[in-house]
Amino acid sequence: MSSVAGQLPLEGMPRRLYSCTPSRLNTWLDCRRRYRFTYLDRPQPSKGPAWAHNSVGASVHNALAGWWREPYERRTPLTAANLLTNGWINEGFKDVEQSGRWLGRARDLVSGYVATLDPTDDPVGVERTVATRTKVIAVSGRIDRLDRRGDELVVVDYKTGRRPLTQDDARSSLALAIYAVAASTMMRTPCHQVELHHLPTGEIVEWRHTDESLARHLHRAEDLAGEAAEADERYRAAVQAPPGTTRRAPQGRRETVGPPEVPAEVDELFAPSPGPICSWCDFRRHCPEGQAAGPDRQPWDGLAE
């Protein structure tokens, strides 16, 4: 019997690989409602305003990536500071004065950090996309920096947040473990070491995985993917628009796009996980439970003033 488009797979038939990123899997783990808003609802429900701390982080990441693309002789602290200035993302700040103050801080971050690096020690990759697959998932992601040290690769992830990091942050990171597995697979080179480089403090938090610990992370990713894939299929079967119809976003930037109506049994599959982090959710306006879980935040409240 041939399969019919839109139906769930027949029992015993092989399931398509679930294509994902670590971010998608972590979103499913953190809050299924946010997962639905992010990856399934189309058009996507309107987000809130940009966050200033995300603007700082993206500006720093872009400057550090650009620094490694410069010729050796231009890989200086001043070049890093200039790249940061030229690529500064001016979104989410309270005013011009606050943006300028944080531009100065970010210049100091990147120039101070690159001063600790050997400009001739080229990484294997910068903003490098890596991918791997198992019998369940096809997973890909982008690494901030991939180093070669001796006969092994090392995954480096830049952090600019105000919260101090611990070794457990590196050990428990699903994303870093997947990056290590994917890099090793693509480069055919061992990769067990993962590092978080916290620019505000200059601290480097390291964790060295074993083959067993990497396998555990990969199995965890498969378990999450299995849950999400089943929910995806049920969502699409229930929400699929009739032929010839399209749900369009309102015209005009100021109008708000809300989530589509879904059957109650589907909505239950994507129940929210209310908590303090709801104050920082891009989709807070569409989630009563999230609004009740924590206070509203200003776009610049994530900055360590």
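Modeller: Thr-38 is found in helix 2, where a helix is a DSSP run of H or I with at least four residues, a strand a run of E with at least two, both numbered from the N terminus. This is a predicted model, so local features need pLDDT of at least 70 and side-chain atom pairs pLDDT 80 or more, while totals for chains, interfaces and linings use all residues. Residues are numbered from 1 along each chain as its sequence is written, and side-chain values use heavy atoms, leaving out hydrogens and water.

With a relative accessible area of 19%, Thr-38 is buried (under 20%; exposed is over 50%, partly exposed in between; 1.4 Å probe, protein chains only). Leaving aside residues up to four places away in sequence, Thr-38 touches Gln-44 and Phe-283 (heavy atoms within 4.5 Å).

Helix 2 covers residues 32-39 and is one of the elements that the buried residues of helix 1 pack against. The others are strand 1 (18-20), strand 3 (137-149), helix 7 (174-187), helix 8 and helix 9. On helix 1 the buried residues are Pro-22, Arg-24, Leu-25, Thr-27 and Trp-28.

Trp-28 also takes part in an aromatic cluster, in which ring pairs link Trp-28 with Tyr-35, Tyr-39, Tyr-235 and Phe-270. In the whole structure, a search finds ten aromatic pairs (Phe, Tyr or six-membered Trp rings with centres within 6.5 Å; planes under 30 degrees apart are stacked, over 60 edge-to-face, the rest tilted). The rings of Trp-28 and Phe-270 have centres 6.1 Å apart and planes at 85°, so they pair edge-to-face. Trp-28 lies in helix 1 (residues 22-30) and Phe-270 in the loop between helix 9 (264-269) and helix 10 (288-293), so this pair ties together parts 242 residues apart in sequence. Both Trp-28 and Phe-270 are buried.

Helix 1 also packs on helix 8 (residues 211-239), at an angle of about 75° and with the axes 10 Å apart (lines fitted to C-alpha atoms over the stretch in contact, angles from 0 to 180 degrees between N-to-C directions). From helix 1, Arg-24, Leu-25, Trp-28 and Leu-29 make this contact. On the helix 8 side, the residues include Arg-220, Leu-224, Ala-228, Asp-232 and Arg-236. Trp-28 therefore belongs both to the pair with Phe-270 and to the contact with helix 8.
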